[in-house]
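Let's take a friendly walk through this structure. Please keep the sequence and the 3D view open as you read.

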Amino acid sequence: MSAQVENSRVDYAKEDVRRVIITGANSGIGKAAAIRFAKEGFEVVMACRNMEKAASAHSDLKQAAPNGTAHIMTVDLSSFESICNFTNEYKKRFGTLDVLIHNAAYIEHGKKGYQVTTDGIERSFATNVFGPHLMTERLLDHLSQGRNPVVLHACSSSIKYFFDPKRTIDFDHITEENRNSKDYNVYKMYGDSKMGLYLLTRRMSSEYIGMGIRTNALMIPSTRVSIETLKKMSLYYQLVGFLLQNLNPFSRTPEMIADIYYNICTSDKWSMVNGAMFDYREKILGSPVGNRSQSPLQLIKELWNTTRLPPYAVEQEPMERLWSISSEVIDPWRQRP
Ligand SMILES: NC(=O)c1ccc[n+]([C@@H]2O[C@H](COP(=O)([O-])OP(=O)(O)OC[C@H]3O[C@@H](n4cnc5c(N)ncnc54)[C@H](OP(=O)(O)O)[C@@H]3O)[C@@H](O)[C@H]2O)c1
């Protein structure tokens, strides 16, 4: 599901510096990625909502990459107003943008009841889909001046359809009209929002390529979580998270995923790839085989086999529906001074 950029367009930035924004750079994969990009000579903007944690991550970065340049900026991805303030401030302080990594994400383990933002949107979709969409839209002019600019979306292996071949995005719960429905589930919404982010990847890849901006995604598998992240959970979920992710021999480390972020965004090998979903082996996932009616054996293989996208990732209707909802909710904020 990827397309190669047709003309070998390489737009060299007017500035010498290569610059990256990484959201949620105060812990886990985002922090590891900030360190990796800083070591490689990028000027890093760490877009974080908690300044105390960000300052501590920044000091770790300075230790790991003493010659690196990194700045902390504040943003809450679940608030459109905060995103506008962030992008305004970025434009005042910085110039062109080469890489934008939407790494931050909302998931609150064990949280019961409908989670809504001040903008009246379900919190997973607000933070993981519409917030990144708005931030990208407001930075398009700076991205389009970048050096072979690319946007990377942190998706998740939770988009697999597991044993439900009929899996679809739960569109009914995105806005708060159905907030009292019993079907709302924070884990389902998280997985759906990550699929939403991939559908956005596909749509943005055709929308922005005219400006020379590529958009790709990475399907992140189970990865060790930081102490900071475990601390955000109740004791029960700390234990479960630690057992399932940190003691799981198949879990990746944040540094492994950060390396993949770096390679996808900067290596010559991928410099023409647009609209792709990569896996943790740095391979592009292929189109699904067959349709939604798969045999039990195929469904079991699907659990382990990450070489192909699930069928609902490539359907046209959910992509257009998601794009239309996202465009509508961010519309009043696109041009907001
Ligand atoms: N770890 C895994 O097993 C796994 C698997 C699949 C996908 N992923 C994806 O990988 C990415 C990084 O996850 P991680 O494992 O590194 O977890 P993490 O350490 O918890 O990182 C998540 C980051 O997102 C930030 N964030 C959350 N809500 C935000 C908001 N409203 N505004 C701004 N920042 C916000 C958090 O900030 P605070 O510290 O302030 O909360 C934190 O810095 C996420 O997109 C996640 O969905 C992870």
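## The ligand and its shell

This is a predicted model, so please read every value here as computed from predicted coordinates. How many residues surround the ligand? There are 30 of them, and the closest are Ser-27, Asn-103, Tyr-190, Lys-232 and Gln-245. By residue class, the shell around the ligand splits into eleven nonpolar, 14 polar and five charged residues.

Some individual contacts are worth a look. The side chain of Ser-27 places an N or O atom 2.7 Å from an oxygen atom of the ligand. At Ile-29 the backbone takes part instead, with a polar backbone atom 2.8 Å from an oxygen atom of the ligand. A nitrogen atom of the ligand has a polar side-chain atom of Asp-76 at 2.8 Å. On its own, the ligand has 890 Å² of accessible area, and the protein covers 93% of that. Which elements give two or more residues to the shell? They are α1 (28–39), β6 (150–156) and α6 (186–207), and β6 gives the most, with three residues.

## Aromatic pairs

Searching the whole structure turns up eight aromatic pairs.

Another edge-to-face pair joins Trp-270 and Phe-278, at 4.9 Å centre to centre and 80° between the planes. Is Trp-270 buried or exposed? Trp-270 counts as buried because its relative accessibility is 9%, under the 20% cut-off.

## Charges over rings and a polar contact

Two arginines are placed over aromatic rings. Arg-252 lies over the face of Tyr-280, at 3.8 Å from the ring centre. Arg-336 has its charged end over the ring of Trp-333, 4.3 Å from the centre of that ring.

Asp-279 is found in the loop between β9 (277–278) and α10 (296–304). What does the side chain of Asp-279 contact? It makes a polar contact with the side chain of Arg-281, at 2.6 Å. Asp-279 counts as buried because its relative accessibility is 1%, under the 20% cut-off.

## Positive phi values

Most residues other than glycine have a negative phi. Against that background, two residues deserve a check in the backbone view. Asn-148 has a positive phi, near 40°, and is found in the loop between α5 (140–144) and β6. Asn-148 also counts as buried because its relative accessibility is 14%, under the 20% cut-off.

The other residue is Glu-282, where phi is positive and near 65°. Glu-282 is found in the loop between β9 and α10, the loop where Asp-279 is found.

Leu-197 is found in helix α6. Which separations relate Leu-197 to His-102? They are 95 residues apart in sequence and 9.6 Å apart in space, C-alpha to C-alpha. Leu-197 counts as buried because its relative accessibility is 2%, under the 20% cut-off.

Ser-226 is found in the loop between β7 (214–220) and α7 (227–231), and its relative accessibility of 14% is why Ser-226 counts as buried. Its C-alpha atom is separated by 8.6 Å from that of Pro-254, 28 residues apart along the chain.

Phe-171 lies in the loop between β6 and α6. Along the chain, Phe-171 and Leu-322 are 151 residues apart, while their C-alpha atoms are separated by 8.1 Å. With 9% relative accessibility, Phe-171 counts as buried.

Methods:
Residues are numbered from 1 along each chain as its sequence is written. This is a predicted model: local features need pLDDT of at least 70, side-chain atom pairs count only at pLDDT 80 or more; totals for chains, interfaces and linings use all residues. Side-chain values use heavy atoms; hydrogens and water are left out. A residue is near a molecule or strand if one of its heavy atoms lies within 4 Å of it. A polar contact is a pair of N or O atoms within 3.5 Å; within protein, one must be able to donate a hydrogen and the other to accept it, and residues adjacent in sequence count only if both atoms are side-chain atoms. Accessible areas come from the Shrake-Rupley method with a 1.4 Å probe; for residues, only the protein chains shown count as cover. Helices (H or I, at least four residues) and strands (E, at least two) are DSSP runs, numbered from the N terminus. Ala, Val, Leu, Ile, Met, Phe, Trp, Tyr, Cys and Pro count as nonpolar, Asp, Glu, Lys and Arg as charged, and the others, Gly among them, as polar. Rings of Phe, Tyr and Trp (its six-membered ring) pair if their centres lie within 6.5 Å; planes under 30 degrees apart count as stacked, over 60 as edge-to-face and the rest as tilted. Buried means under 20% relative accessible area, exposed over 50%, partly exposed in between (1.4 Å probe, protein chains only). A charge sits over a ring if NZ of Lys or CZ of Arg is within 6 Å of the ring centre and within 35 degrees of the ring normal.
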